[in-house]
Amino acid sequence: VMASMAHLQEEKLQLQEELLGLQEKLAAWDNDELSCSLHLQGQVETLKVKLLEQAQEIGRLRSELGGTDVEKHRDLLVAENERLRQEMKACEGELQELRRQQQVPCQDCTHLQENAGLQERLSQMQREAEETRAKLVELDLEVQQKTNRLAEVELRLKDSLAERAEEEERLSRRLRDSQETIASLKSQPQQIKYIIKTVEVESAKVKQALCESQSRNQYLQEQVGMQRQVLKEMEQQLQSSHKTVAQLQAQIMMYEAELERAHGQMLEEVQAMEEEKNRAIEEAFSRAQVEMKAVHENLAGVRTNLLTLQPALRTLTHDYNSLKRQVRDFPLLLQEALRSTRAEIDQAIEDVHSTNRELLRKYRRELQRRKKCHNELVRLKGNIRVFGRVRPITKEDGEGPEAANVVTFDADDDAVLHLLHKGKQVSFELDKVFPPQAAQEEVFQEVQALVTSCIDGYNVCIFAYGQTGAGKTYTMEGTAANPGINQRALQLLFSEVQGKVADWDYAISVSAAEIYNEALRDLLGKEPQEKLEIKLCPDGSGQLYVPGLTEFRVQSVEDINKVFEIGHVNRATECTNLNEHSSRSHALLIITVRGLDRSTGLRTTGKLNLVDLAGSERVGRSGAEGRRLREAQHINKSLSALGDVIYALRSRQGHVPFRNSKLTYLLQDSLSGDSKTLMMVQVSPAEKNTSETLCSLKFAERVRSVELGPVSRKAELASWPSQEQLEGDSPGTAAPFGRGHTSASPGQLSGRAASIRRKLQTSG
């Protein structure tokens with residue numbers, strides 16, 4: 001019964017909710033009707049505004065067309081005034097003529113009598129003029145009164161528009177007032193009469209009064225015309241307002257009919273819901289009676305079951321007492337079990353930690369082995385090895401979100417770095433990755449094996465790639481206190497040569513060139529601005545060389561510093577928005593090592609090409625203009641050509657476009673399979689340089705997959721008996737670039753380069 005009552009209560013709540021929904025619908029209908037009435041009122045206001053505009057337009061047209069009675073009367077008055085003015089002029093002429101004739105006074109003269117008569121007529125005309133002026137003043141007052149009444153009528157018209165109930169009564173009253181005014185104006189006789197007489201005037205007062213009367217007449221005629229125009233507009237507005245009121249009444253009747261129909265529908269729905277509710281209550285009551293009978297039957301069955309369950313209850317009570325005793329002893333047992341479990345868990349954790357340490361040690365040892373095997377495989381395949389170096393955040397990067405660090409490193413693998421780009425982490429795997437805290441010495445330790453291999457007769461190329469301001473020049477050249485790869489490589493070569501001086505004779509020579517705006521220039525020559533060309537060797541070997549490229553023999557660190565000084569002075573650098581000292585050209589340092597084994601006569605020639613590429617830059621961000629813009633365009637074009645060459649090598653195309661740029665043409669020997677090549681990709685960790693960093697790392701991955709093939713050693717048996725012959729062959733012979741290039745004789749040098757050359761020869 002309780003369940004059925006609860007069910008009925010829920011149904012009652014549902015019916016109440018439905019009733020509330022219907023009431024809300026009714027309220028919504030009322031709101032719709034209210035909005036409709038407001039909309040109609042807005043339309044009425046709009047129609048009133050349009051009526052006022054039309055009335056103004058009609059008044060303007062009437063003023064242009066004319067044709068009213070008052071205007072006709074005004075025209076007549078104007079004609080009469082003009083005629084009177086002409087007569088006045090004629091009288092003045094006669095008066096002047098009489099004055100000329102009347103020089104001697106005479107007694108009982110007819111002229112005196114005529115003069116007296118004329119003076120009487122003049123005084124009479126003046127009195128008539130004064131009367132006319134008074135009448136004009138009265139007409140002016142009357143027009144002013146009518147103007148005031150017209151203003152009152154306009155105010156009443158505006159009020160009638162705001163209050164629809166009073167609108168018809170006020171408009172009708174104003175219409176009656178206007179009609180009475182018009183009737184009174186029509187019934188008034190003509191008040192001004194003009195007496196046309198020919199008089200003689202002695203002064204201009206009559207003329208002035210006549211002009212004033214004419215202007216007053218004209219003003220009154222204009223005011224009467226405006227009043228008639230306003231009356232006609234008011235009649236039209238009254239008719240339009242009657243029409244609008246009729247339309248609004250029709251719409252109101254239509255809305256009232258809709259409201260009555262909606263109210264009837266709502267009453268029908270409420271009645272149907274009441275009937276359904278009563279029917280549901282009756283059905284629920286009948287179901288509740290049936291369920292009550294079933295409950296009584298079940299209750300009887302439960303009573304019988306209770307009688308049979310009493311023995312089982314006694315058994316359960318006994319079991320409960322025994323369990324209660326066990327529960328009292330349970331805390332002691334639980335503490336003992338927890339102690340033993342903790343001891344076992346601690347032992348298991350210690351075993352897992354030791355196992356993890358052993359596995360981590362084995363993993364790192366295996367990772368080192370895998371890296372060694374990978375490096376050996378890369379060496380055998382001739383792949384281009386790729387090292388990455390991340391510069392630290394500097395003051396030039398600024399502050400705030402744009403200077404945030406977006407590059408992270410793998411703690412277990414020094415060849416992997418991660419870049420956060422657009423909220424996603426992108427991972428890159430290179431041969432070696434140097435973090436920002438890596439020193440110049442640490443970087444050079446990874447490349448010194450390549451550097452020393454040029455002593456054994458191998459060709460080696462190390463080039464730095466990356467966006468402008470990423471640290472390429474710092475890695476390759478460094479500073480005076482912390483030199484880079486270039487100076488450290490020469491120092492290492494000198495130390496290695498000194499270690500083999502007992503069996504070998506070596507000669508080390510250095511050349512420096514730059515590619516500026518697709519023009520190859522000698523940085524050590526007497527004319528650094530002179531353009532050089534890359535040509536094929538005339539011996540038909542297919543090798544490249546640069547005619548006229550200066551080559552200096554170096555034997556000490558002092559010689560190296562002097563050569564670097566000349567190269568720094570002649571190299572093109574500029575300041576941009578991205579880098580205060582931006583390299584505007586590709587710099588190449590070419591180190592040639594020629595060796596002779598005195599015991600076997602084995603002759604070796606090795607080349608070490610150290611390339612500092614100009615940084616790629618976006619013109620919009622770097623702010624390059626004029627000459628710097630042209631430089632940036634040439635730099636981006638040459639780097640794009642380098643990318644095309646890497647793509648062609650990676651996809652093993654039959655034609656590799658080395659000649660598309662001076663840079664790729666000059667690096668053809670280093671990228672065509674007969675050289676050990678290493679690319680040092682420099683990246684910036686700042687968030688504002690994320691796009692450039694992503695492009696540089698993707699290019700590095702493509703370069704890393706290029707296979708150039710196995711490298712051959714340049715060695716041959718020849719007769720080279722003395723150190724003097726080894727030294728004499730260096731400055732005067734011509735050798736192909738990449739495997740050799742021509743050098744300038746001492747007599748060809750002049751200026752600063754010639755003086756440095758003489759110093760080097762003296763120190764040698």
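User: Which strand holds histidine 586?
Analyst: This is a predicted model, where local features need pLDDT of at least 70 and side-chain atom pairs count only at pLDDT 80 or more, while totals for chains, interfaces and linings use all residues. Residues are numbered from 1 along each chain as its sequence is written, and side-chain values use heavy atoms, without hydrogens or water. Strands are DSSP runs of E with at least two residues, and helices are runs of H or I with at least four, both numbered from the N terminus. Histidine 586 has its place in strand S15.

User: Is histidine 586 buried or exposed?
Analyst: The relative accessible area decides, computed with a 1.4 Å probe on protein chains only. Under 20% is buried, over 50% is exposed, and in between is partly exposed. Histidine 586 has 2%, so this residue counts as buried.

User: How many Å apart in space are histidine 586 and leucine 613, C-alpha to C-alpha?
Analyst: Look at the sequence before the space. Histidine 586 and leucine 613 are 27 residues apart along it. In space, their C-alpha atoms are apart by 4.5 Å.

User: How much space lies in the largest cavity?
Analyst: On a 1 Å grid over the protein atoms alone, a cavity is a set of points where a 1.4 Å probe fits but cannot get out. Points are joined across faces, edges and corners, and the volume is the space filled by probe spheres set on them. Five cavities of 30 Å³ or more are counted. The largest has about 190 Å³.

User: Which element gives the largest share of the lining of the largest cavity?
Analyst: Lining residues have an atom within 4 Å of a point. There are 16 of them, and Glu477, Asn486, Phe564, Ala587 and Leu589 lie nearest the centre of the cavity. Helix H9 (557-570), strand S15 (586-597) and strand S16 (602-612) each give two or more residues. The largest share, four residues, is from H9.

User: How many charged residues does the lining of the largest cavity have?
Analyst: Ala, Val, Leu, Ile, Met, Phe, Trp, Tyr, Cys and Pro count as nonpolar, Asp, Glu, Lys and Arg as charged, and the others, Gly among them, as polar. The lining has ten nonpolar and three polar residues. The number of charged ones is three.

User: Where is threonine 473, a residue that UniProt lists for "binding site"?
Analyst: The unreviewed UniProt entry lists several residues, including Gly471 and Thr473. Such annotations may be inferred rather than shown by experiment. Glycine 471, partly exposed at 23%, is in the loop between strand S6 (459-466) and helix H7 (472-476). Threonine 473 is partly exposed at 28%, and its place is in helix H7.

User: Why is the pair of phenylalanine 387 and phenylalanine 434 called edge-to-face?
Analyst: Three aromatic pairs are found in the whole structure. Rings of Phe, Tyr and Trp (its six-membered ring) pair if their centres lie within 6.5 Å; planes under 30 degrees apart are stacked, over 60 edge-to-face, and the rest tilted. Here the centres are 6.0 Å apart and the planes at 75 degrees, so the pair is edge-to-face.

User: Which strands does this pair link?
Analyst: The two phenylalanines are 47 residues apart, in distant parts of the chain. Phenylalanine 387 is buried at 7%, and phenylalanine 434 is buried at 0%. Their strands are S1 (residues 385-390) and S5 (residues 432-434).

User: At how many degrees are the ring planes of tryptophan 504 and tyrosine 506?
Analyst: Both tryptophan 504 and tyrosine 506 are buried. Their ring centres are 5.5 Å apart. The pair is stacked, because the planes are at 15 degrees.

User: Over the ring of which tyrosine does the charged end of lysine 676 sit?
Analyst: A charge sits over a ring if NZ of Lys or CZ of Arg is within 6 Å of the ring centre and within 35 degrees of the ring normal. The charged end of lysine 676 is 4.3 Å from the centre. The ring is that of tyrosine 458.

User: What is phi of lysine 422?
Analyst: Lysine 422 is in the loop between strand S3 (416-421) and strand S4 (424-429). Its relative accessible area is 76%, so lysine 422 is exposed. Phi is positive, in a residue other than glycine, and near 55 degrees.

Notes
On a 1 Å grid over the protein atoms alone, a cavity is a set of points where a 1.4 Å probe fits but cannot get out, and a pocket is an open set with protein on both sides within 12 Å along at least five of seven lines; lining residues have an atom within 4 Å of a point.
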